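Hi,

Here is the structure I promised to pass on.

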Amino acid sequence: MLIRNVDLASPGLELRNAAIRIQQGRILEVLPAGSPLPEDPEVLDGTGLTALPGFIDIHAHGRSGFDFSDADPAGLEQMARDKLDEGVTSWFPTTMTLPPETLRAALRTAAAYSGNGCRLPGVHLEGPFLNPACLGAQNPAYVRVPELELVRELHAIYPVRKVSFAPELPGAAAFTAGLLAMGIVPAAVHSAATYAEFARVHAAGLRHLSHFCNQMTPLHHREIGLVGAGLLHRDVYVELICDRLHLAPEMIRLLFQLKDLDHLILITDAVRASGMPDGDYTLGGLPIRLRDGAARLVSSGALAGSVLTMNTALRNVAELTGLPLSELSRTVSTNAARAFGLTDLGRIEPGFRADLTLLDREFRVRRVLVDGRIRR
């Protein structure tokens, strides 16, 4: 395939009216404007569009009326197809704090996935190893202390890429080291950890803070907590829900000023209400209500995940920061690929997989390729 007349935005690369040549699912050549174009059997005209590395959403529970934890094969297939509408070419289906048998069923569903939508490199376990005082929309009935054996059992069913947990819980440092030994990325979330408690898991290898600022200890001048830790440590990735609701616009601007772009990752934390009309839904067995773009627990009004899409998150950040798409592409693709060892994803360069998202000027997704094949 040859994609021609397309603008390119990838880290360190900004081209106008360029071409991308694809062979056997990988990028063969990137050709600047004016280059002689080879004859290819399939040509995609990208006039008016910008090609970015396919988006990678490492934290999303559901959309389109479904949740990954439903363990519904048809629902997973639908979600994986609909994530393409956001420009997502790789998605980590994300669980909730639920009983082990429910988690096992969800991972068995992932293992049976057909691959007809976006790719599923692995699963993200958010919980059940959380602080009961910081649950947000997580279900208190199923909270557990960190347990490597449960993670190992789930990992054997389908690869677990990431586990988010509260680092102040008993055995958290050993749990962190055990996850890393299995090739799983540990992350802190739903936590009241002090900075000292964070420092212990950081020393053990933890380098991620899930949905940064939300359900974690805030910054205080005498106890900097997890938010302070994310700002202080340059090697820590902070994962951001940039819907202008979970994080105020001013906070988004501040974070993009204080953290280097290589350690910012945009996520959606989307729930089953994403892509759906206002109404009543559930999350982890708890009733939630979607009104005016905000999903909240019916019982308390607390935010319950989001209905954000990745292309909207990118648009919000572009509008708020004014940074070029070539740089912002790091935050929707490249950084996640690097952090999770997806070494052939996240860049538009020869040899990389041809996972591409083509956006128009309004950030609407017009074409999506996975392994060089048009999926949307």
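Below is what I found in it, part by part.

Before the details, a word on the ground rules: this is a predicted model, so to speak of local features a pLDDT of at least 70 is needed, side-chain atom pairs count only at pLDDT 80 or more, and totals for chains, interfaces and linings use all residues. Residues are numbered from 1 along each chain as its sequence is written, and side-chain values use heavy atoms, with hydrogens and water left out.

Because 6 of its 8 residues are buried, α6 is largely enclosed by the rest of the structure. "Buried" here is under 20% relative accessible area, "exposed" is over 50% and "partly exposed" is in between, using a 1.4 Å probe and protein chains only. The buried ones are Gly225, Leu226, Val227, Gly228, Ala229 and Gly230. They pack against β12 (185-188), α5 (195-204), β13 (208-209) and β14 (237-241).

β14 also pairs with β15 in the parallel sense, over 4 bridges (two strands pair if DSSP finds at least two bridges between them). Valine 238 stands opposite leucine 264 in β15. Strand β15 (residues 264-267) is covered on both faces: Leu264 and Leu266 are buried on one side, Ile265 and Ile267 on the other. In a regular strand the side chains alternate between the two faces of the sheet.

Next, the rings. There are 4 aromatic pairs in the structure. Rings of Phe, Tyr and Trp (its six-membered ring) pair if their centres lie within 6.5 Å; planes under 30 degrees apart are stacked, over 60 edge-to-face, and the rest tilted. Phenylalanine 129 and phenylalanine 175 have ring centres 5.2 Å apart and planes at 70°, so this pair is edge-to-face. Phenylalanine 129 sits in the loop between β10 (123-126) and α3 (148-157) and phenylalanine 175 in helix α4 (residues 172-181), so the pair ties together parts 46 residues apart in sequence. Both phenylalanine 129 and phenylalanine 175 are buried. Ring pairs also link Phe129, Phe165 and Phe175 into a cluster.

Another pair, tyrosine 195 with phenylalanine 198, is tilted, at 6.1 Å centre to centre and 35° between the planes. These two are 3 residues apart in helix α5, so about one helical turn separates them. Tyrosine 195 is partly exposed at 24% relative accessibility, while phenylalanine 198 is buried at 0%.

On a 1 Å grid over the protein atoms alone, a cavity is a set of points where a 1.4 Å probe fits but cannot get out; a pocket is an open set with protein on both sides within 12 Å along at least five of seven lines; lining residues have an atom within 4 Å of a point. The largest pocket has a volume of about 220 Å³. Its lining has 19 residues, with His190, His211, Gln215, Leu303 and Gly305 nearest the centre.

The largest cavity holds about 40 Å³ of space. Among the residues lining this cavity are Pro53, Ile56, Arg347 and Asp355.

Cheers

Key
Contact = heavy atoms within 4.5 Å. Points joined across faces, edges and corners; volume = space filled by probe spheres on them.
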